[in-house]
Amino acid sequence: MTQQNSLSTEKENISKEKLLGGIGSIFMALSIITGEIGTLFGILGAVLWLTCLYLLSSKIKNSKIFNKALWGFVLGLLGWIIASIFGLMSFISFFAISGFMGNVDRVGFGIGGGLIIAILLACGIFIVANYFYQEVCKILALATNHNLFSTAGVLMFLGAISAILLIGLIIWMVGWIILAVAFFTVPDEIEVKV
C-alpha cells in the first residue's frame with residue numbers, strides 16, 4: 001500500500017481480467033459476421049466481457065463498471081428481441097392478410113411499415129446500449145490510466161449512431177478491436193484507491 005496525495009492506494013493484479021476482456025472484445029467484434037457463427041461469437045464475447053467487467057469492478061471497487069455494462073447488454077438484447085418480433089409480426093401479417101384478401105398491394109405498406117419500425121427501434125436501442133458501453137470505457141480509462149479504452153468507447157458509440165450505414169458497423173467493429181488492444185496493453189498491475 002502506498003500513500004499518494006493523502007489518498008492511500010494499493011496495487012491490484014488484473015492479468016486474468018485483461019485476458020478475458022481482450023478475448024471477449026475480439027469475439028464481440030467478430031459478432032458482426034452473419035449467421036450462427038456471428039451469434040456464437042456474440043454470446044461468447046458477451047459472457048467473457050461481462051465476466052471481465054464484473055471482476056474488474058470488484059477489484060477497482062467501482063460497481064458502475066459492471067452495472068453500466070449490464071444495462072447496455074440487457075438493452076441491446078431487448079432491442080434485438082423487440083425488433084425481431086416486430087419484423088416477424090409484419091411478415092406473418094403480410095402472408096395472412098394477402099392470403100385472405102388476395103391483394104398484395106394493400107398489405108405492402110404493412111410489411112414495409114413494420115420493418116421500418118423494427119429497424120428504427122433496433123438502431124435506437126443499439127445506440128443507447130453503446131452509450132452505456134462508452135461510459136464503461138471512460139471509467140476504465142480513468143481507473144487504469146490508459147486512454148485507449150476511451151478511444152474504443154467513442155468509436156463504438158459513433159459506430160452505433162451511424163449503424164444504419166455500412167460504415168457505422170465497421171466503425172463499431174474497429175471500436176471493439178481497439179478495446180481488445182486496450183485490454184491486452186494495459187499493465188498487469190494497476191493502482192487502486194482504497
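The entries below cover the ground rules, a glutamate, a helix and its aromatic rings.

**Ground rules.** I am working from a predicted model, in which local features need pLDDT of at least 70 and side-chain atom pairs count only at pLDDT 80 or more, while totals for chains, interfaces and linings use all residues. I number residues from 1 along each chain as its sequence is written, and the side-chain values use heavy atoms, with hydrogens and water left out.

**Glutamate 17.** I found glutamate 17 in helix H1, residues 15–30; helices here are DSSP runs of H or I with at least four residues, numbered from the N terminus. Is glutamate 17 buried or exposed? I count glutamate 17 as buried because its relative accessibility is 1%, where buried means under 20% relative accessible area, exposed over 50% and partly exposed in between, with a 1.4 Å probe and protein chains only. Leaving aside residues up to four places away in sequence, I listed its contacts as Cys52, Leu55, Leu56, Lys59 and Phe183, a contact being heavy atoms within 4.5 Å.

**Helix H2.** I then checked the length of H2, residues 36–60: its 25 residues should span 36 Å at 1.5 Å a residue, and the end C-alpha atoms are 35 Å apart, which agrees. The expected span is 1.5 Å times one less than the number of residues. Among the buried residues of H2 I noted Gly38, Gly42, Gly45, Ala46, Trp49, Cys52 and Leu56. After H2 comes lysine 61, with a positive phi near 65°.

**Aromatic rings.** My search of the whole structure gave 10 aromatic pairs; rings of Phe, Tyr and Trp (its six-membered ring) pair if their centres lie within 6.5 Å, and planes under 30 degrees apart count as stacked, over 60 as edge-to-face and the rest as tilted. Tryptophan 49 is buried, with a relative accessible area of 2%, and tyrosine 133 counts as buried at 7% relative accessibility.

I also looked up tyrosine 54 and phenylalanine 66, an edge-to-face pair at 5.2 Å centre to centre with 80° between the planes. Tyrosine 54 counts as partly exposed at 49% relative accessibility, whereas phenylalanine 66 is buried at 19%. Finally, I noted one aromatic cluster formed by Trp49, Phe126, Tyr133, Trp172 and Trp176.

Conventions: Helix = DSSP H or I, 4+ residues; strand = E, 2+ residues; numbered from the N terminus.
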